[in-house]
There are 4 protein chains.
Amino acid sequence: MSSKTTTTTDKKQAILDSALLLFVSKGFNATSTASIAKAAGVATGTLFHHFSTKNDIMSQLFLSIKQEFANNMVSNTQLSGDIEKDANNLWQKAIDWAIAQPLKQLFFLQYSMSADIDVAVRKQAMTSILGFVVELIEQGKQQGIIANFPSELLLENCHGQYLAAIRFFTDNPQLGSDEQHRSASFKLFWHAMKAQ
Amino acid sequence: MSSKTTTTTDKKQAILDSALLLFVSKGFNATSTASIAKAAGVATGTLFHHFSTKNDIMSQLFLSIKQEFANNMVSNTQLSGDIEKDANNLWQKAIDWAIAQPLKQLFFLQYSMSADIDVAVRKQAMTSILGFVVELIEQGKQQGIIANFPSELLLENCHGQYLAAIRFFTDNPQLGSDEQHRSASFKLFWHAMKAQ
Amino acid sequence: MSSKTTTTTDKKQAILDSALLLFVSKGFNATSTASIAKAAGVATGTLFHHFSTKNDIMSQLFLSIKQEFANNMVSNTQLSGDIEKDANNLWQKAIDWAIAQPLKQLFFLQYSMSADIDVAVRKQAMTSILGFVVELIEQGKQQGIIANFPSELLLENCHGQYLAAIRFFTDNPQLGSDEQHRSASFKLFWHAMKAQ
Amino acid sequence: MSSKTTTTTDKKQAILDSALLLFVSKGFNATSTASIAKAAGVATGTLFHHFSTKNDIMSQLFLSIKQEFANNMVSNTQLSGDIEKDANNLWQKAIDWAIAQPLKQLFFLQYSMSADIDVAVRKQAMTSILGFVVELIEQGKQQGIIANFPSELLLENCHGQYLAAIRFFTDNPQLGSDEQHRSASFKLFWHAMKAQ
DNA sequence: GATGAATGAGGCTTCATTCAT
DNA sequence: AATGAATGAAGCCTCATTCAT
């Protein structure tokens, strides 16, 4: 009886998995729906049974990866109140995830700014993800721990450094276990943010 | 006879200009060569006299924008030897350019990571642009002014913060004349890089 | 137990009803079997339990409507022998039906000539329906009441005027109770047919 | 130099000609754009260079045939003021055209009521064509020559009889030269319309 | 150099129909 | 009988590119 459910889930998931791989390796437009279906081992029609549009695959993929990332960030996380320590924990968690899920990370790096993703979807995902960062920054500023720079600028800078860090560790996964690089990565970020 | 030359230049430039606008607003693949030609006021055939391929337009556009940016960065610039001061000068120049050329900046933000640009072209442009930054970093480390972190990490972080800054000022051009935001933008960057 | 039988009948009828509405409003080809099933409140598979083919729905619909119309024409009808009076009775009955069943009438107007209906089905229905008209015409000519024109021409003209009349009253149902229009409609027809 | 113009015209015309034949023989939906292009001896792309849509072919075909018919009706026609005589002239001209252009006539018979033609196009064509008939009817009623029936009914009846007549002569072209059938056809029509 | 009609491969999507449950 | 996920053939249309003028 679980087989029915499983089958359905499997096909839709297989399509998402194949799409992820192909979108990252060949780009959105160079990837035909036929090739996605073929790679997923399903018929073309099946693809359109689960997704209304090629763009719909992209959107659902984007949202599901964002969600996975978000779930990873909040799981087993309890804030200590020590902002630097909490920030470090989150930073390292993000790097761990980037190293563990290089494809998803590359997808995110490639498509976060792309016109291939529906603007509404992108915005929704971004704000929902960045929400908790905004809060941490405000708190840090009030405690005089984070520099008193304009918040929007801090947020954008935070985002930019995060992208740089995961790009680095996605490109150099073997350095993911090098303590020197990992701590340097956080220090760079933290020195920028903290009040002098 | 100069009119002929001028006309030719005009048409090629008109095509590049139209392509820039369309690529940024609709994306590379959603922009047909026909629409570029129409927007430029030339026939489809004319477009293919000046560019061998649609991808060729992209490449030439990418390279010409990179070149313009590079020219802007080196013009009237003489390094003083004071690394922080030089870095600040360059940083502000980059922001000025981003504000003056929002379309080109957006193009750069959108396509720097995209599969739509020929890999070879992208790599070449990147290294040639980042070359002088690499040198500055090495110099700063030797002088003990820049933190002794792994250079690759420093470079990637530098790039990430630069992208964040221009994204911010491209999105908020009116803040380009606000001294507080401009100095904060550089301080964030510099605090990250400098030796503590 | 009667409920089961009833349910079955209901579903088949629901499919025919939905098909009628959709075929008339959107056309045969713009109507998908999925949309018929959905409108009827059944699953796609169910539709193919009752009808072997999409065309089969069309054929059965066409034949059932023809049959309904034929039943309407013969019910409570007894020919008096006075051909004009009989013709008038039949003519008014046809108009009554057209007004009472506008959807079915529109279906008939739209598909009587269409390539979307199986030729064999169409021909069979036509001749069976027109059969009694042929007889009336022959009888009228022999009695010198109907003009001595070629019979095929008379039949075709009769058909054309009939279609015009029901088109008019289907489009203007409120005039169905206007005695002037109803009698004028028959007079037009009758003046054409009768011997001068 | 005429060759260029001719070529262009030829291709578009060839597509319309092939479409006419295929739409009449196989129906609109059973005719693929590929088959039209093939029959016309052009590439698929060429078809879409001249027509924006498959439906656009239909519309342009419908309008051009309507126009041809209208041109035929007004050419060499001068109304004498004797309404019966004028009506007869027009009636015979219409039959002549139907016999000379059986394909176009069949197209008209098949698609005048079809959902395959854009409603706006159909309505526009119909009213523009029927305009001059409306005038004739009004004039005849004022002179007491045409029966004092509601005009809308007269118009619809006129249209219905016309369709019946051309259907008959399109199906039996050999009877087109039979004086008996031709005069009977008009008499049927005229007896219906004229005041008794 | 400039033009734009022509090309045809290929993409996205629809849909009638099947079949395992 | 009823369901609806799955199928894959086929259709419409787009578009980069060519070429004759």
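A polar contact is taken here as a pair of N or O atoms within 3.5 Å; within protein, one atom must be able to donate a hydrogen and the other to accept it, and residues adjacent in sequence count only if both atoms are side-chain atoms. On that rule, six residue pairs (both at pLDDT 80 or more) are in polar contact across the interface of chain C and chain D. The model is a predicted one, with local features needing pLDDT of at least 70 and side-chain atom pairs counting only at pLDDT 80 or more, while totals for chains, interfaces and linings use all residues. Residues are numbered from 1 along each chain as its sequence is written, chains are lettered from A and ligands numbered from 1 in the order in which they are written, and side-chain values use heavy atoms, with hydrogens and water left out.

Turning to who sits on the chain C side, helix H6 (102-111), helix H8 (151-171) and helix H9 (179-193) of chain C each bring at least two residues to the side that touches chain D; helices (H or I, at least four residues) are DSSP runs, numbered from the N terminus. H8(C) gives the largest share of that side, at eleven residues. Sorted by class, the side has 14 nonpolar, ten polar and six charged residues, where Ala, Val, Leu, Ile, Met, Phe, Trp, Tyr, Cys and Pro count as nonpolar, Asp, Glu, Lys and Arg as charged, and the others, Gly among them, as polar.

In all, 30 residues from chain C and 30 residues from chain D take part in the contact (heavy atoms within 4.5 Å). Between them the two chains bury about 3000 Å², with 68% of it on carbon and sulfur atoms; this is the accessible area (1.4 Å probe) lost on putting the two parts together, summed over both. Leu153(C), Arg167(C) and Leu188(C) account for 21% of what chain C buries against chain D, more than any other three residues.

The interface of chain C and chain D also holds two salt bridges, each a side-chain nitrogen of Lys or Arg within 4 Å of a carboxyl oxygen of Asp or Glu. In a salt bridge between Glu156(C) and Arg167(D), the N to O distance is 3.1 Å.

Not every pair of chains meets: chain A and chain C do not touch, their nearest C-alpha atoms being 13 Å apart, and chain B and chain D do not touch either, again with 13 Å between nearest C-alpha atoms.

As for disulfides (cysteine sulfur atoms within 2.5 Å), the count over all chains is zero. The sulfur of Cys158(A) has its closest cysteine sulfur in Cys158(B), 17 Å away, so a bond is out of reach.
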